[in-house]
Amino acid sequence: MSLDNVGQIVLVLSGKGGVGKSSITTQLALSLSLLNQKTGILDIDLTGPSIPHLFSLSSAKVTQAPGGWLPVPIHAANENEGIAELNCMSLGFLLRERGDAVVWRGPKKTAMVRQFLNDVAWGSLDYLLVDTPPGTSDEHIALAETLLRSARAGQLAGAVVVTTPQAVATADVRKELNFCKKTGIPVLGVVENMSGFVCPHCSECTYIFSSGGGKAMAEEFGVRFLGTVPVDPQFVALVEEGRRPVYPVGTRVAGREVGGVEAPEGGLLVEKYRDCSLCPIFEGIAREVIGIRTSAGNGKV
Ligand SMILES: Nc1ncnc2c1ncn2[C@@H]1O[C@H](COP(=O)(O)OP(=O)(O)OP(=O)(O)O)[C@@H](O)[C@H]1O
Ligand code: SF4
């Protein structure tokens, strides 16, 4: 497999759509990268690949090399902490237009997931985060089968399971935890996203969608609770609408010149990181994930 030089594989799962899997994958990957972990993202959401869009790279394309597909490089920078470099692979980079429909039957999806696991030239990585579609679909089964059969002992670190606090979401996410149990995928922990809204005017936190569902579910399944992430409207503006501020070409960050890599949409692949209140929270979750592996004897810090 092209995963031979990948240290740890972390799956980001949820039973329900729209709970923030892709957002958590991207922010966790950026945090891991700034913690000096070489990180990649594999997006196996074949019908709704959103990773390219979340990095404002909807028209970037992967290229073929003798060792396999070359993932798209992403650079993000912060004045104090240096430069995060990620490699990303998504079906979105292979489609002609964003919004092109992928209407595939199960066997074709299975083949695509296998190809993603076998034919991407990741090089050497500490962490590969795999963003998945909601539910327990063909993509999940192909992923679980391939990894459980071919990954080295300890290489599949486990799953970060994302939920929102409402009962309807936690009921669906329960199914995902049961899927992990049945297939033998270890669960690293549960993240409760969209847990409360912090008012930008008075900082009062309002639990619009109730709270505590994720923690209760983690306790019920005997897995770790990794934390809560509130709703931050600025996060949507920066990430979802592609308005992350970018550095001009030639800026020096942490003693290194950044910029200069032209993004296909005219922007730069170097962008400012940590302009929203959620970043420290994602860093905390990333540290937890690294810590879990370290205490299990498999982590690399
Ligand atoms: N904590 C948060 N604060 C504000 N907005 C958020 C937060 N988490 C996610 N969002 C927004 O919610 C929307 C859905 O998030 P995202 O695409 O990450 O969900 P998903 O679970 O990956 O969805 P899908 O089921 O389509 O794969 C996006 O617009 C994202 O920017
Ligand atoms: S939380 Fe306070 S400041 Fe924010 S909208 Fe409500 S009343 Fe206004």
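**A colleague's note on this predicted model**

1. Of the 301 residues of the chain, 44% count as buried. Here a residue is buried if 20 or more other C-beta atoms lie within 10 Å of its own, exposed if 12 or fewer, and partly exposed in between, with C-beta atoms placed from the backbone. Please keep in mind that this is a predicted model, in which local features need pLDDT of at least 70 and side-chain atom pairs count only at pLDDT 80 or more, while totals for chains, interfaces and linings use all residues. Residues are numbered from 1 along each chain as its sequence is written, and chains are lettered from A and ligands numbered from 1 in the order in which they are written.

2. To get your bearings, look for eight helices and 14 strands. These are DSSP runs numbered from the N terminus, helices being H or I with at least four residues and strands E with at least two. Among contacts between residues at least 6 apart in sequence, 78% join residues at least 24 apart; two residues are in contact if their C-beta atoms, placed from the backbone, lie within 7 Å.

3. The largest nonpolar core has 73 residues, and Val10, Leu128 and Val160 touch the most other members. Such a core is a set of buried Ala, Val, Leu, Ile, Met, Phe, Trp, Tyr and Cys residues joined through C-beta atoms within 7 Å. Beyond its neighbours within four places in sequence, Leu128 is in contact with Leu3, Val6, Ile9, Gly40, Leu42 and Trp122.

4. An unreviewed UniProt entry annotates a "binding site" that covers Gly15, Lys16, Gly17, Gly18, Val19, Gly20, Lys21 and Ser22. UniProt positions follow the numbering used here, feature names are shortened, and annotations may be inferred rather than shown by experiment. Gly15 sits in the loop between strand S1 (6–13) and H1, and Val19 is also in the loop between S1 and H1. Gly15 counts as buried because it has 22 C-beta neighbours inside 10 Å; Val19 does so with 23. Leaving aside neighbours within four places in sequence, the contacts of Gly15 include Pro134, Gly135 and Asp172.

5. Around ligand 2 you will find Cys199, His201, Cys202 and Glu204, where near means a C-beta atom, placed from the backbone, within 6 Å. The UniProt "binding site" annotation, again from an unreviewed entry, covers Cys199 and Cys202. Cys199 is in the loop between S9 and strand S10 (205–206), and Cys202 is found in the loop between S9 and S10. Cys199 is exposed, because 9 other C-beta atoms lie within 10 Å; Cys202 counts as exposed with 6.

6. Helix H6 (residues 213–221) has Gly213, Gly214, Met217 and Ala218 as its buried residues. Seen down the helix axis, they fall within an arc of 130°, so they line one face of H6; the arc is that of the directions from the axis to the C-beta atoms. Glu219 and Glu220 are exposed on the other side of H6. Just after H6, Gly222 takes a positive phi of about 65°.

7. Asn36 has a positive phi near 70° and lies in the loop between helix H1 (21–34) and strand S2 (39–43). Asn36 is partly exposed, with 13 other C-beta atoms within 10 Å. Met194 has a positive phi near 55° and lies in strand S9 (residues 187–198). With 22 C-beta neighbours inside 10 Å, Met194 counts as buried.
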